[in-house]
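Please keep the sequence and the model in view while reading the numbered points.

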Amino acid sequence: MAVLVAVRDRTLRERIGGAISLRYPVTLAEDPPEDVERYDVLLVDLENLRSRETTAPPIIVVVHPESDNLEESMLEPAEDFVSVNASERELVLRVAKVLKKKGPKEGTSIQIRDLVIYPHSYEVLLDGNPIVLSLKEYELLKFLASHPGRVFTRDTLLDAVWGDDYFGGARTVDVHIRRLRAKLEVGGRRFIETVRGVGYKLV
């Protein structure tokens, strides 16, 4: 899954790209490239929208809501639009919404009771509702969910998710586990179990 942010304002482009990169792989560009069809979602400003000759991939238009010359007809080729003032959470949810409308997800999903993970789209649903995770939170959850019931040490999880070139301490795993629990273990649910003296497992 890949997202292209083609916005001519550099500051805005970098802010939007930085927010979405917390969840999805992102490429930044001033103008859409010729091979734009290889991306799953395209975020553009109005100027780049006018230069588009196709509506593939799905488009989200970044608009200034106070613009005097903004007309509904100008947004017709797009799947959705979002304000330049949108929060990080809204930007991620807008992309997730368009991906969901795009059609059936490719690849095999991972399901643990009412928790479903879609590796192709980096999407996580709990009771059918999208859960916003950072990229590392997502990768940690997916790794644990791919081996349900198996216990992993912090060092093993650190190598699997952060890689050999990460120089931080293994306690960063604890921080991300706490964040996952805060987002997933609501209403009495329990997904991640601490195995004292060893590490963590998904139950």
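1. Contact here means heavy atoms within 4.5 Å. Helices (H or I, at least four residues) and strands (E, at least two) are DSSP runs, numbered from the N terminus. Buried denotes under 20% relative accessible area, exposed over 50%, and partly exposed in between (1.4 Å probe, protein chains only).

2. The model is predicted: local features need pLDDT of at least 70 and side-chain atom pairs count only at pLDDT 80 or more, whereas totals for chains, interfaces and linings use all residues. Residues are numbered from 1 along each chain as its sequence is written, and side-chain values use heavy atoms, with hydrogens and water left out.

3. As an overview, the secondary structure of the chain comprises 6 helices and 12 strands. Of its 203 residues, 41% are buried. Among contacts between residues at least 6 apart in sequence, 47% join residues at least 24 apart.

4. Helix α5 (residues 154-161) has L157, L158 and V161 buried. Seen down the axis of α5, the buried residues fall within an arc of 100°, so they line one face of the helix; the arc is that of the directions from the helix axis to the C-beta atoms. The cover over these buried residues includes α4 (135-145), β10 (152-153), α6 (171-184) and β12 (199-202). After α5 comes G163, with a positive phi near 90°.

5. A nonpolar core is a set of buried Ala, Val, Leu, Ile, Met, Phe, Trp, Tyr and Cys residues joined through side-chain atoms within 4.5 Å. The largest such core has 48 residues, and those with the most contacts inside it are I20, Y24, L43, V95 and L141. Helix α3 (residues 88-102) gives this core its largest share, 6 residues. At least three residues of the core come from each of domain 1 (3-102) and domain 2 (110-202), bounds that come from an automatic or database domain assignment. Apart from this core lies another, of 13 residues, including L46, L49, I59 and A78.

6. What does L141 touch, not counting residues up to four places away in sequence? The partners of L141 are L115, I117, V124, L133, L180, L184 and L202.

7. Rings of Phe, Tyr and Trp (its six-membered ring) pair if their centres lie within 6.5 Å; planes under 30 degrees apart count as stacked, over 60 as edge-to-face and the rest as tilted. By this rule the count comes to 3 aromatic pairs. The ring centres of Y24 and Y122 are 6.4 Å apart and their planes stand at 70°, so this pair is edge-to-face. Y24 lies in the loop between α1 (10-20) and β2 (26-29) and Y122 in the loop between β7 (115-118) and β8 (123-126), so the pair ties together parts that are 98 residues apart in sequence. Both Y24 and Y122 are buried, and ring pairs link Y24, Y122 and Y138 into a cluster.

8. Is V5 buried or exposed? V5, in strand β1 (residues 3-6), counts as buried because its relative accessibility is 0%. Not counting residues up to four places away in sequence, V5 touches R13, I16, G17, I20, V26, T27, L28, A29 and L43.

9. K142, in helix α4, is partly exposed, with a relative accessible area of 30%. Beyond residues up to four places away in sequence, K142 touches I110, I117 and P119.
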